[in-house]
Amino acid sequence: MRKMICLMIALILSCLLSGCTPSQKAADASPTPIVVEAPEIEAAGELANTARALLAPYEDQLNQIALQCQNNLTYTIPGDMLNTFVLDARETGAQSENGRYQFIWRQSGLHTYRVSGQDVEENLADSGENAPEDAPMYQNAGDSSAAGGGNFDRSRAYDMAADLSQGTIEITDLLNDEITGHEYFSFVHLNGILYFVDAALDFAIGTDGLEGSGGYLLAAGTLSKDRVEIVEYYVTAKEHIPSAAGLNLTQLLSQVTPISHLTARGDQVSLKP
C-alpha cells in the first residue's frame, strides 16, 4: 500500500507543476481522448510557421501511425517538443541571436501535498483497476496517509537553430534541489529527414518514494515523407545517450535490445514489443 501512496504522490507532484491543485479529484478529469492525428503547432507567428513547415512533410505518415498504433506515442515526441518550444519562446519573449534561440523557461513555487489511502482506493475505483495483490494491507488503506512538499522547480533549456534545422531541449525537475525528473531531446533536419533522440531519466516507485536508477529510457527515430522508424530502448547512464546528429538506426538495432520498434511506410504500420 505504501507503494500505491508513493505513486499517488508522484502524480500529485506532476499536477503541481502543470498547474492543477492537489485537491482536484481524478474522477473530475475528462476521459483521455483517443489519439487520431499527429500533434499540431498551436501558436501563431513566424516561429510557429517555421515549426509547421518542418513537420508538414511527415504529417500524413504520422497520422497513419496515430490511426493504427494508439498504444505507442513515441511518434508524437518531435511535434510535442517543437510545440512546447514555440509556446515557451512566445511566453518568455525570446529572440534569436546570431541565428540561434538560447533561453531558459522556468516555473517554480512552494507547494505541499497530502494523500491518504482512501484517496488511492477512490482513484483505483474510478479507474476500474483491481485492488493490489497485497489485499489484507489494501483493505486497511484508508488508515494510511502521507504528506510533504517543498520547493518545486521545472526548467526547460533551449539551444535551437533559428531555422529549426537542429537543436536541443533539456528539461529538469527539482524538489528541494533534488532531481526528480530529467529529459534530453535533440534533433537534426538533414536532406528531408528528421532525426531525433529523446531520453528520459528512469524512475521507479519504491517504498520510500521515487527512486532513480541512473539509467534513461530512450526513443530514437527518423521521420521521412514515406517512412517513419522509432526504436525505444534503455541505457544505464547519461553518457550513453546518442546525439541525433549521425543517428544510424540500423547500426543502433545491432547494438541494443529494443523495448519497442515502430516502423511505418504508407499505410503499413508495424509495432514490435
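**Entry 1**

The model I am reading is predicted. I then traced the two strands: S3 covers residues 166-175, S4 covers residues 178-190, and they pair in the antiparallel sense over 10 bridges. Two residues lie between the strands of this hairpin, and I noted that Asn176 takes a positive phi near 50°.

**Entry 2: the second largest pocket**

I recorded about 430 Å³ of space in the second largest pocket. Its lining has 16 residues, and I listed Ile77, Met81, Glu183, Asp198 and Ala200 as the closest to the pocket centre. Helix H4 (77-92), strand S5 (193-206) and strand S6 (209-223) each give two or more residues to this lining. Which element gives the largest share? I found that it is S5, with five residues. By residue class, I noted nine nonpolar, six charged and one polar in the lining.

**Entry 3: confidence**

I checked the pLDDT of the protein chain, which averages 80, with 70% of the residues at 70 or above. Among the elements, strand S7 (residues 227-235) has the highest mean, 97, whereas helix H6 (residues 135-139) has the lowest, 38.

I also marked two stretches. Over residues 1-12 pLDDT stays under 50, and the model has 38 contacts beyond four places in sequence for them. Over residues 18-30 pLDDT also stays under 50, and here I noted eight such contacts, again beyond four places in sequence.

Conventions
Residues numbered from 1 in each chain as written. Predicted model: local features only at pLDDT ≥ 70, side-chain atom pairs only at ≥ 80, totals over all residues. Heavy atoms only, no water. pLDDT = per-residue confidence, 0-100. Helix = DSSP H or I, 4+ residues; strand = E, 2+ residues; numbered from the N terminus. Contact = heavy atoms within 4.5 Å. Pairing = 2+ DSSP bridges. 1 Å grid on protein atoms, 1.4 Å probe; cavity = no way out; pocket = protein on both sides within 12 Å on 5 of 7 lines; lining within 4 Å. Points joined across faces, edges and corners; volume = space filled by probe spheres on them. Nonpolar A, V, L, I, M, F, W, Y, C, P; charged D, E, K, R; others polar.
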